[in-house]
Amino acid sequence: MFGTGLLKGLGVTLKHTLETFADDRGKVPDRYRDSIELGQGRRIINQPIDQEGLLTIQYPEEKRQLPERFRYIPMLIWDSEKNEDRCTACGICAKVCPPQCIWIVRDSDANGKPVTRPAEFYIDAAVCMSCSFCVEFCPFDAIKMNHDYELAVFDRYPQLVYDMEELTVPLEYYAALWPEQYAVEQEKRAKDEEEKKAQDEAKAKAAAAKAAAAAAKPAAAPAASSGGAKLSRAEELKRKAQERAAAKAGGDGESVPSPAASAAAADGEVDAKKARMEELKRKAQERARQRKAEAGE
Amino acid sequence: MSATLVAEAPDQTQTGTLADVLPGVLGTTSDDTDKAYLVAADKILDALAYLRDKEGYDFLSSVTCVDYQGYNGKQRKGISERFDVVYHLYSTKKGGGHVVLHAPIPSNDTIASATSLFPGANLQEREVYDLYGIKFEGHPNLRRILLWDGFNGHPMRKDWKEAYFDEDSKPFRSRHPKGSYEFHEDKLPWGKNATYPAGWDPDTWQAPVAYVPVSQAPKHLGEAHLDTESIVVNLGPHHPSTHGVFRMLTRIEGETILALEPEMGYLHRNHEKIGERNTYLMNMPFTDRLDYLNSMSNNWGYALAVEKLTGIEVPERAEYIRVIMAEFTRFVNHTWSIGFILNDLGALQTPALYAIEEREMILDLFEEVSGARLMCNYLRFGGVVRDLTAGWLTKARYLANDRLPRALDELDRMLTDNEILMARGRGVGYLPAEDLISLSVSGPMIRAAGVAYDIRKAEPYGVYDRFDFEIPTLPHSDIYDRYYIRLLEARQSVRILQQALADIPGGETVGFGDYASATLSQGFGSIMGGKGGYNLRPPEGEAYARVESPKGELGFYIASDGKPNPWRYHVRSPCYINLNALGPMSVGYKLADAVVILGAIDIVLGEVDR
Ligand code: SF4
Ligand code: SF4
């Protein structure tokens, strides 16, 4: 019959409307069931998979809760337990990066001997394809994926090339974003260090003459999280992550060190960054010339 | 439903091996990997005709070219020609594997066009001409296709360098340890990076008068008393109906299409050249960007090709995960496609939004395991990058057993006997099955024309041979059937999903060791049992692997010279090749129908233009 298609179509729409209406009548609508309330209509939504009716999220007031594995732009880890950058400037991430958007300058000591520490570390976030290879291949857990996706800025060159300062985050920030993986990693790291220690000790015993020298070595730092992979720990960290995210979404700006935070900073900072980038470009050109001269190109 | 096709060895003929009977055979390449027949270039048409008429290889899947300049491997011993034109043929009748022909030709030489035997070679030969500069004699319309006429050189040649050239292969030395990276904007400020072919002046150049072959037109009867005139109309490139930046150059009379020519390349980024600069692993995230609705199946096609080349085994659980991801992807793609066919019919947005509701749920699941909704980058050679998360299977089972079938039922109720779909879809865009096959069309398009050809059955890969599912076919080969076949296929996908989710070995177990991190896993990036770190070096040889992507046959052709970077990396894109049929399908229908005819081919420009 002519017109049934129209009626059916309207019927589907009506069904959705009614479902949403019914949902909204509840004290807490289903779609907000597991979300974190931030007040003033702001919330982090954890949408249930069986959600019926309205499925849309009112971004930017409402945001989705991101899964742990979410990947956006990498960040560098500052090991706050040992007070050092985890990165050793080994360069594996720069080698494996598909669009080659990482470049690293290895640091050197006073005599010009290379040391295992980066002097500069850049990621061109405009080129990064969020593939996460750098994270997968870093042998030192020094680079991880950040969850911060609100990175819009006005200019690409001064602002989207992140330097080490902008990339570096403390270990706790990572632990909060990636609680499960963090827990497993810490456990593994603790085990590795113990093994290493045991090996060292075995060596020390075997070579009794060198025992004194071996003992004089600075002892490995004690592992931090003894609890390891216990789920309660993971849950606690997850809660912390949510609190952090909540604090950030609440507009309480300075709490999370992240590229976005600095990108959103005042004009003065932007100018300072521009100056830094000019300097960076000048240095890069110089080094390129030098390399070419060395390579005889 | 026709009988299941059974795979059989491709080089067995009625009269012995192909090498003995194929006209013009010069020899075969080594058969560690894919075996290819070297055929004299001037005999290529005879060889193709023989394969088509005597051996039943009726589907010219892929035509491409390899530039062997500077190649040092053993394979090219004694062959002095610089280029090889490579043909991959399949049989839609008997299923099974392929026959590969290599026709060596020297630089700047010509070769006979295969379009007289296989009209489907049309777009692919134009691509080879565009990117390699090989001329095909007898091609009806040999113009550049992806690049514009003022482009200098043929970029896939080994000696061609891009404007921002760094080095021949990654990793680039400038990134570490001195970080002497130069900003591209400083290297080549705007305006200084363009070169033109000799004798070319950009200021006086004018786009050539639209080429719209009237030859496609049905015999034009005309009405003597009406003084009509045919005009050329451009649909696109900026038009919502073109699903991206794509142009349909049409010659119409009144509203009737006399001829139609697809014009593309607006999104061209020379994916294949990037692929040759990359290492094998680096290509994986790039394949996400081909058909960006279906990154999981793109990953699979590529992983399959590399696994074939290197002989990497995939563990059981990873195989199941791959099937699950690929079928979820197919569901997403088909509902999306249904929604947008309706969109193109004028039912703006409403059906499309209902059709893609479940897509959000599926993308949530993808994001949970892989970290991204669209650019999943989830597969690796020999497996997938990480195991499923805790609780993932429960959610997936809820979708597969409950929500997805319900959504399909609703779409079916809402749309299948909809008057508009009937009135505008029935009998529109008809092309008989034989024409579609000779035009190298694959996927739902040929199944809507009654050809039960599906790679999952014809040449099963992964663990598809373990599932109980059917290849739906419909007889009419029109817009309506192309809509409905997608619904039917989505139902089969759900059926496969239900089985795979029930049978997956290991079930809900989650190993905490299964993280993508070099310090935690068994090896670099090799989480679910695979090998292949970032410096994987496959043995010398070549491989072509294909999957039944939601849009058709997605193939990856890889030639290796034993180095960490592929010598040749070619994507056989179903979207691109299916466009062969766009012109012939549209002729004789109204201009408004062309929009839906394009919509029902279901293209994604990321894959068309590459
Ligand atoms: S981030 Fe990791 S891979 Fe990259 S240089 Fe530092 S230690 Fe090496
Ligand atoms: S995520 Fe991928 S593209 Fe981005 S910096 Fe890491 S390796 Fe490079």
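**A close look at chain A**

Modeller: Among the contacts in chain A between residues at least 6 apart in sequence, 67% join residues at least 24 apart; contact means heavy atoms within 4.5 Å. This is a predicted model, in which local features need pLDDT of at least 70 and side-chain atom pairs count only at pLDDT 80 or more, while totals for chains, interfaces and linings use all residues; side-chain values use heavy atoms, with hydrogens and water left out. Residues are numbered from 1 along each chain as its sequence is written, and chains are lettered from A and ligands numbered from 1 in the order in which they are written.

Chain A contains ten helices and ten strands. These elements are DSSP runs numbered from the N terminus, with helices (H or I) of at least four residues and strands (E) of at least two. Of its 297 residues, 42% count as buried, that is, under 20% relative accessible area, where exposed means over 50% and partly exposed lies in between (1.4 Å probe, protein chains only). Chain A exposes about 15,800 Å², of which carbon and sulfur atoms supply 55%; areas come from the Shrake-Rupley method with a 1.4 Å probe, and for residues only the protein chains shown count as cover.

The ligands come next. Around ligand 1 there are 13 residues, and those that come nearest are A:Cys87, A:Cys90, A:Gly91, A:Cys93 and A:Cys138; a residue is near a molecule or strand if one of its heavy atoms lies within 4 Å of it. The shell around ligand 1 holds eleven nonpolar residues, two polar ones and no charged one. In this scheme Ala, Val, Leu, Ile, Met, Phe, Trp, Tyr, Cys and Pro are nonpolar, Asp, Glu, Lys and Arg are charged, and the others, Gly among them, are polar. Ligand 2 is surrounded by 13 residues, the closest being A:Cys97, A:Cys128, A:Cys131, A:Ser132 and A:Cys134. Its shell divides into eleven nonpolar, two polar and no charged residues.

Most residues other than glycine have a negative phi, and most peptide bonds are trans. A:Gln40, however, has a positive phi near 55° and is not a glycine; A:Gln40 sits in the loop between strand E1 (36-39) and strand E2 of chain A. With a relative accessible area of 77%, A:Gln40 is exposed. A:Asn83, likewise not a glycine, has a positive phi of about 55° and belongs to the loop between strand E4 (74-79) and strand E5 (84-85) of chain A. A:Asn83 counts as exposed at 55% relative accessibility. In the loop between strand E2 (42-45) and strand E3 (62-64) of chain A lies A:Pro60, which is joined to A:Tyr59 by a cis peptide bond with omega of about 5°.

A:Asn146, in the loop between strand E8 (143-145) and strand E9 (161-162) of chain A, counts as buried because its relative accessibility is 3%. Its C-alpha atom is separated by 12 Å from that of A:Ala125, 21 residues away along the chain.

In helix H2 (residues 44-53) of chain B, the residues B:Ile44, B:Ala47, B:Leu48, B:Ala49, B:Tyr50 and B:Leu51 are buried. An α-helix has 3.6 residues a turn, so residues three or four places apart point the same way. The buried residues of H2(B) pack against helix H1 (18-21), strand E4 (37-39), strand E6 (83-90), strand E7 (99-105) and strand E8 (110-112) of chain B.

Apart from neighbours within four places in sequence, B:Ala355 is in contact with B:Thr335, B:Gly339 and B:Leu411. Between B:Ala355 and B:Leu342, 13 residues apart in sequence, the C-alpha to C-alpha distance is 9.9 Å.
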